[in-house]
Amino acid sequence: MKKLLTFALVLCLALSMFVVASAEGEKTAINVYRCTFNLAQSDEAQVKKVEDAINEYIADKINVEIHLTDIGSGEYTEKANLALANNEINLLWTASWEGTIGTNDLVPMNAVYDITDLLPGTALYESMDEGQWEATKYDGKNYFVPVYKDNVEGYDFMFRKDLVDEYGWDITSVKSLADLEPMLADAAAAGLKYPFLTQKTAMFYRWYIDKFDFFTANSATNFFAVDRETNEVVDTILTPEYAEFCKLMGDWAEKGYISEDEVTKTTTDTTTQTQDWAISWWTDIPVNAEANSRYNQEVVMQPATERYAHSTSALGSCYCVTANSTEAEAKACIDFLGLLYTDSKLADLYTFGIEGEDFEYTQAEGQEIQHVTQHSDKYNHSMWESASATIVTPLDNEPDNKADLYKDFNGGANTSCAAGFRFDKAPVEAAYTACANLFEQYGFALENGGVPADAVDDYIAQYQSELDAAGYQDVLAEFQAQYDAWKAE
């Protein structure tokens, strides 16, 4: 009997130890969806290699296992939105400017997890200053985790350097879009397919941010903005600036400077990696030389606008935990991001891929630290859509002090008069959506040279008429009321 009791005691002790060990070692699996911009398509086999390498590396650091899905930018919105609807995602990469699954879409859809109470005291929360978390709140709550990058907004004119050298262009003389014309004429005469590459992007809300705060951060609703001079919400479609811009685009298209491929969206996100274009646009960042690696050729920049900190500038690249996630999965997402934002090896693995296959560590003469040289056509990401600039190893064409440059860059911007304002479209959502849908029919063509210059005024009038019929004036009045109430707080 004594032996039986002793055996039972030992068995119970062993079982309890097993249970404890299992609990301590149990992994929470999370599905991570991200977009790739540097490659036309992701290589599934290489993505799986990266996934396996990440899981091996983090195995003894956090009780998390990731399942990584990497989708090319041309398909990302559609595929990620479908996966989101099917509750297949826990951690989603998104941005304020993304369509359908952008930050301004996800909150009203109740598709994101409120992580406000999960953040304090975590490695993730401590990885950035409190201002980043405050700037990215919605209704006082944290739903998004910003990638610490260039979290203010400004734009540059971008030129292929070989053409600047060949034609002797003085890019410092370019102060406005109109100043580009002689250079575009050279490019057209040389037979380039895309003298001015818009990257199939409606650019009014970017080129004119010195005049307006386009607080919706969405080209499809750029007909609502705050005039910086008057600090009032205005209908930008009826401003002289909009007519000026659309007429210039129409004129350039007639001269052969803008291809009809832009209106038909035939150009791709990798067109910038070809020699078919001369001048395009670039979102200003602290180390603009990053573009050389992204576009596989040397480019040079000339400032086109000032830089502004506003309501969505810190959400130009971010992550969110999806609302379908359990609390355990939400905590696992935060644990993973906390390690990603503080561990250089993990950040490099997640950003650049497998060392020796997708990239190499190099250290050129004069460099005090190791840098990264990318050379993969299977897995290739950039810091801005991956992890914090303070932890991702600089590229071989970037300075040693890249992290400090980003901190100084973010701290040196203008603060917009509308910074902190977020519009609640719920009271007029049907009309808001109807107006946004009209943008594709009218606004996109106007802003990409699809309307001849002499027809722009009539086309704008028709556009405004259609907007009004869709309920535009009601939405505008709601914007004005909410903004006035916000200013009075």
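User: Hi! Where does Glu-385 sit?
Analyst: Glu-385 is in the loop between strand 15 (371-374) and helix 14. Helices (H or I, at least four residues) and strands (E, at least two) are DSSP runs, numbered from the N terminus. This is a predicted model, where local features need pLDDT of at least 70, side-chain atom pairs count only at pLDDT 80 or more, and totals for chains, interfaces and linings use all residues. Residues are numbered from 1 along each chain as its sequence is written, and side-chain values use heavy atoms, with hydrogens and water left out.

User: Thanks! Is Glu-385 buried or exposed?
Analyst: Glu-385 is buried, with a relative accessible area of 1%. Buried means under 20% relative accessible area, exposed means over 50%, and partly exposed is in between (1.4 Å probe, protein chains only).

User: And which residues is Glu-385 in contact with?
Analyst: Leaving aside neighbours within four places in sequence, Glu-385 is in contact (heavy atoms within 4.5 Å) with Arg-34, Cys-35, Phe-37, Trp-93, Ser-317 and Tyr-319.

User: Cys-35 is in that list. How many disulfides are there?
Analyst: The count is zero, where a disulfide is a pair of cysteine sulfur atoms within 2.5 Å. Cys-333 is in no disulfide either, as the nearest cysteine sulfur, that of Cys-320, is 9.2 Å away.

User: Are those two cysteines, Cys-35 and Cys-333, buried or exposed?
Analyst: Cys-35 counts as buried at 1% relative accessibility, and Cys-333 counts as buried at 0%.

User: New topic: helix 15. Which of its residues are buried?
Analyst: In helix 15 (residues 429-441), the buried ones are Ala-431, Tyr-432, Cys-435, Ala-436, Leu-438 and Phe-439. They lie on the same side of helix 15, because they cover an arc of only 155° around the axis. That arc is taken from the directions from the helix axis to the C-beta atoms.

User: Why would residues spaced like that point the same way?
Analyst: An α-helix has 3.6 residues a turn, so residues three or four places apart point the same way.

User: What about the other side of helix 15, and what covers the buried residues?
Analyst: Ala-430 and Asn-437 are exposed on the other side of helix 15. The cover over the buried residues includes strand 8 (224-227), helix 16 (443-447), helix 17 (456-469) and helix 18 (472-488).

User: Tyr-432 is one of those buried residues. What does Thr-216 touch?
Analyst: Not counting residues up to four places away in sequence, Thr-216 touches Asn-104, Thr-221, Tyr-432 and Phe-479. Thr-216 is in the loop between strand 7 (212-213) and strand 8, and counts as buried at 6% relative accessibility.

User: Last one: which residues other than glycine have a positive phi?
Analyst: Asn-231 is one of them, with phi near 60°, and Lys-265 has a positive phi of about 60° too. Asn-231 is in the loop between strand 8 and strand 9 (232-235) and is partly exposed, with a relative accessible area of 25%. Lys-265 is in the loop between helix 10 (240-254) and strand 10 (277-283), and counts as partly exposed at 39% relative accessibility.
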